[in-house]
Amino acid sequence: MRIGIQISSQRVLAALAPLLTVCLMLSPAAQASAVAAGDSAQFAAAFGAKFMDRYWRLHPDDAIPAGYYQVAAIQQVPDEHARAELHRFLSDSLEHLERVRPDALDPATRADRAVLESQLRSEIWDLDEFRSWEWNPSLYNIAQPFDLLLHTEYAPLEQRLRAVLARLDRVPAYYAAAARSIHNPTLEHTALAIEQNGGALELLGPDLDKQIESSSLSAAEKTLMRRRIGAAQAAISAYIAWLKDQQQHLAAGSAHSFRIGREHYEQKFAFDIATGDSASELNQRALAEKERVLTRMDLLTEQLWPKYFPDTAPPAERLERIGTLIRALSMQHVSKAGYTGEVKQLVSDLTQWVQDHHLIAMDPDKPLKVRITPDYQQGATDASIDAPGPYNPGAPTFFNVAPLDSLSPEQAESYLQEYNRWVLPILAIHEAIPGHYVQLIYANKSPSLIKSVFANTATVEGWAVYGERMMMESGYGSDTAEQWLFYYKWNLREICNVLLDYGVHVQGMSEAEALQLLTHEAFQTDEEARGKWRRVQLTAVQLDAYYAGSSAILALRERLKREQAGQFTLEGFNERLLSFGSAPLSLISELVAAPAR
Ligand code: ZN
């Protein structure tokens, strides 16, 4: 599982070759009686490993990133038949799940039930209502699973290549089905599909050939492999050519809009964010919060101005004042050569701080390893946490940091200014301690496959953002005005993510308005703002997770502080919150507030 500031891969509709269809679930009748008693153990049996195996066989491209390699050789063909089969599986499972009364289950199982129900409903909604399989051509791309099979050493090279060989056989059928599935796509996803499928072509290029040559596959296997690669390349090229043709046709003005609209937005928000609020409520809250944060930043600017500009009067306009100070302070940053060492030092300092201030107990047996992002994962310069998936909990967790050596001197300088002396610690807090890394360790402690696999992004991102706030409240960073100023700048980015996403998808915000919001009111660079504009055209609701999750956690904490008065401890609250893994916050709020049993 990789968590970082990046566009996560979109769910690709999965299909299953009919000959591989093996019903591993209990029959509907047997399953209903198994769970009618509402017993948690029986729930676990009905929706445990066998259920998940069946799920993965219908979603083989998602199984590989999760580390479930039993389905590595299955190449989906995303046609009508596959969608119908997936729909049947989802509807049947939902029907069985609905017979289980939540109040008959223990809290952890109740959380599992809620996560699974939301996942099943969301996938059915996508098939029937949202229909991304029809308008988003970038959903069809073989690159990610192929990339992972070729570059993750879960098995000897020959075994991995044989899985690739089996998949290759169905690649021409895959792309033919993709083209048949698409009707009136968006221009933006069409352009993305052309670009990303170009990447798929590269993946089947000379490097793969070298891997095949260096392996001990038989001569016959090598010949077959090369023949299938040729056919796959032709299929991908044909898909790209077909998309380019569509592009010409769409340019006439008939394309599906990338803006998903109010109704779909609220529905998707309810599935993906699940904090109990509506999207429009969150947007209202973000608007008010933006004003509060800017007011705070202005007070800090007033306080700091004479220290950095003793001979110059501050600009009269608020945003100009704050922006000028931010640009000046950003020049204070570590050197390119000292960057990785500084991140390592931060990880060690943050661990000590969290322990000394009793914020949350940390497991000393699960050290975090800081490393430069490996070659095959590069492409984005952002930091990320690379944690073992639920099927490989013993593997180490890595904190991948930006490969600054691959940047030009100007790009490296711009990156280091962005992640300056005060922002780099916030990045380490968010990604590592007490952010994503600590949350994942707690999530892996609750031995629930369902919650690990279908992690709620508002819970995951919300915790990391809440962690930044908690560290600042504990006095981290010597409680200086500079540290608070940059904390608020970072915070403003999360708030503006909501205003941007809702603005663009629901309120028709234009590109110029979006760029104005990000660069002028949130002090982002042109490059960062352009990246966000691109992301908001290609995803919806994803950008809400940070602020939606953190504001829900903070609201819950403040409510419990009042209700529990003298009984409340911060460490106790944090540990109880994380004990429910990455379940939706609407449910965690209920469970955390209830007395432990
Ligand atoms: Zn994050």
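Modeller: Helix 16 does, giving six residues to the lining of the second largest pocket. This is a predicted model, in which local features need pLDDT of at least 70, side-chain atom pairs count only at pLDDT 80 or more, and totals for chains, interfaces and linings use all residues. Residues are numbered from 1 along each chain as its sequence is written, and side-chain values use heavy atoms, without hydrogens and water.

The pocket (an open set of points on a 1 Å grid over the protein atoms alone where a 1.4 Å probe fits, with protein on both sides within 12 Å along at least five of seven lines) has a volume of about 370 Å³. Its lining (residues with an atom within 4 Å of a point) has 19 residues, and I326, R327, F523, Q524 and T525 are the closest to the centre. Two or more lining residues come from each of helix 16 (318–329), helix 18 (409–418), helix 23 (481–507) and helix 24 (511–521); a helix here is a DSSP run of H or I with at least four residues. By residue class, the lining of this pocket holds 10 polar, five nonpolar and four charged residues. Here Asp, Glu, Lys and Arg are charged, Ala, Val, Leu, Ile, Met, Phe, Trp, Tyr, Cys and Pro nonpolar, and the others, including Gly, polar.

As for confidence, pLDDT (the predictor's confidence in each residue, from 0 to 100) averages 89 over the chain, and 92% of the residues score at least 70. Residues 4–37 stay under 50.

Notes. Points joined across faces, edges and corners; volume = space filled by probe spheres on them. Contact = heavy atoms within 4.5 Å.
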